Amino acid sequence: MIRPDADTLLEIVDLQARVEDKPILKGVNLTIKAGEIHAVMGRNGSGKSTLSKVLAGHPAYTVTGGSVRYRGADLLDLEPEQRARLGLFLGFQYPVEIPGVSNLEFLRVSTNARRMEKGEEELDTFAFEDLVRERLQVVQMDPAFLERSVNEGFSGGEKKRNEILQMALLDPLVAILDETDSGLDIDALRIVAGGVNHLASPENATLLITHYQRLLDVITPDYVHVMAGGRILRTGGKELALELEDRGYDWVDQELAVLEVA
Amino acid sequence: MSSSTSVGDLVSQPYKYGFVTDIETDKIDKGLSEDVVRLISSKKGEPQFLLDFRLRAYQQWLRMEEPDWAALGHPAIDYQEMIYYAAPRQQEKKASLDEVDPKLLETFDKLGIPLSEQKRLSNVAVDAVFDSVSIATTYREKLAEHGVIFCSISEAVKDHPELIERYLGTVVPSNDNFFAALNSAVFSDGSFVFIPKGVECPMELSTYFRINSGDTGQFERTLIVAEEGASVSYLEGCTAPMFDTNQLHAAVVELVALDDASIKYSTVQNWYAGDENGVGGIYNFVTKRGHCRGDRSHISWTQVETGSAITWKYPSCVLQGAHSVGEFYSVALTNNRQQADTGTKMIHVGPHTRSTIVSKGISAGHSSNSYRGLVQIGPKARGARNYSQCDSMLIGDQAAANTYPYIRSQQPEASVEHEASTCRISADQLFYLQSRGIGFEEAVSMMVSGFCRDVFNQLPMEFAAEADKLLALKLEGSVG
């Protein structure tokens, strides 16, 4: 939902970043306001996953230029855990398994970290169980997953649902979902997308990173950005995604070639 | 990359217990000879049988060679360059704590082991051993009401010589191995526990070992006897000052469990580990063995090994009584240049004996951590069962983990299971936890304690949380 008077949550200006010695982001500009749903599309290697990791603070990526302001503060100055506590959420493309750490305990510790930052009371194990059982319904997840180690032995679809469950618990202001649709069958996709739609509100914003139109059939973006060569080449409404679906990415490559020669 | 997330400098937490207490000590000249053995014995006013025990051990030691089969490397130890007896200069053990040198009490206070009446831990009796000499034992009278003897081994030699003569060296014979022979010849002090028939020890017993002198070898001797139907839970803790030389610690612990008796022995070992370049630290060569002598007896070892430059230690169980049970739960953490070669031996002699081994090795920095374990099933051990699980966790990419399981079975009806796994704390796992609002160090500690949970669950409750914290502290700065 686009509202001209909405608060700006995230403001990315000329962001450049590299991994090891390889420049990946070469000047990304993007502003996200409360209530909006953005989609970033692009080929593999266009830099869209890197953008999500840089925003969340992954240590393997080095920012070499530009700035990111999150609700007025310098995001790049914050540790990854501080970003999370302040309401920035990254839903991972490949959530890692953490053997030995109970999913329930993990969810409780992270939920409490976020709650404390918001000035809310810490939830004890009982209060948290009530909350988590209620939120499980958002993604139609079996409570048995709470008893297992974090993501250990989960199928691809179960991992993605666990991500959305975390999102439901952490109540983020900006949720970045990196290829959340990849590896999901059509039913799982509906459940996950349903969860995202359910959580979207006029106060928060969602940044979807995706390859395919099919996610955007179930979550309607306000803006679609096409990324290539570490930059956002074009921004439009939801019809831009349909155009991509129609014409493929070849025209993007051509535009990029022209840009890089210039 | 921000400074707090650098795996490389995760190990920088200074050792909290590295101070030296300035106290006058009574030391003998360095070097080892028959005369030194006699001198130690006479300083302690020992009966003839003990002197004979020591001299026999010394003769055996002279003919033995230092073992070299462990995956450990260290410069040769010069046994003539060491002092074999040092004691804080204090006449006789004090009847009351008020007479103990306040400096000593202060030392233990600083270590978090208050001994004085007002401050001491409730429901944990403590024997405080300073440079191999027991300086105080709390709650003795209360224990005595139950017939439980808890005192230093030197006192036991004086007050209960018949028990010492009956049990000392019956589990770990003096010629068992090079370090056990050395200990048998020169041991200075340690704890003695005796739980009479049918008594359940009313409180946790604990010995706290503190090394203070820089050039002194440490040779404690601990003996725990649980008579028929008796049970006891015992915990030892250890720390030492930071010196840039290596000190030898060669202790012997013997446990005897008669019919239906149960002994639970827990260790939190935090000797000084040397600095990040491997300078200094304790060489910990320890022989610990329990003898399930009676039917249905039960011996359980739980160890959390975090200190020492070198750890060579295999707490073992000889399961002789029918239906006796041996357990070994271990967390061994190495960091920087530490080396550990540790594990257990489960010797199944009697029928229907059972043993469980759960070993968790964590290697960080440039350290090396090996599990070495033997499961032996003798011809009479019908229906014996063993289950072993050995897991290793690597932190960073410079550390090494090895598992050496040995299984020997002479009994076709026995069942032996062994499982092993290796995992690594990856930067991606840490980032995942961080991106959910969990701080870096808490993330490491969550993963490590998740990994160690099976073992920590075995520790007495008062110490489980302590162990968790200790590991987190040891790893601070080692992941990034």
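**Setting up.** I number residues from 1 along each chain as its sequence is written, and chains are lettered from A, with ligands numbered from 1, in the order in which they are written. The model is predicted, so I keep local features to pLDDT of at least 70 and side-chain atom pairs to pLDDT 80 or more, while totals for chains, interfaces and linings use all residues.

**Entry 1, helix α5(A).** I took helices (H or I, at least four residues) and strands (E, at least two) as DSSP runs, numbered from the N terminus. α5(A) has 15 residues and reaches 21 Å from its first C-alpha to its last, close to the 21 Å expected at 1.5 Å a residue (1.5 Å times one less than the number of residues). I then checked burial, where buried is 20 or more other C-beta atoms within 10 Å of a residue's own, exposed is 12 or fewer, and partly exposed is in between, with C-beta atoms placed from the backbone. Of the 15 residues in α5(A), 12 are buried, among them A:I164, A:L165 and A:M167. Their cover includes β6, α3, α4, β9 and α6 of chain A; contact here is C-beta atoms, placed from the backbone, within 7 Å. Just after the helix, A:D171 has a positive phi of about 50 degrees.

On the α4(A) side I found A:V132, A:R135 and A:L136, and on the α5(A) side A:L165, A:A168 and A:L169.

I found 22 residues of chain A in contact with 21 residues of chain B. On the chain A side, α2 (80-85), β7 (98-102) and α3 (103-117) are the elements giving two or more residues.

Is A:T8 buried or partly exposed? A:T8 counts as partly exposed because it has 14 C-beta neighbours inside 10 Å. Beyond its neighbours within four places in sequence, A:T8 is in contact with A:T31 and A:K33. I also noted 6.6 Å between the C-alpha atoms of A:T8 and A:R71, which are 63 residues apart along the chain.

Terms used. Two residues are in contact if their C-beta atoms, placed from the backbone, lie within 7 Å.
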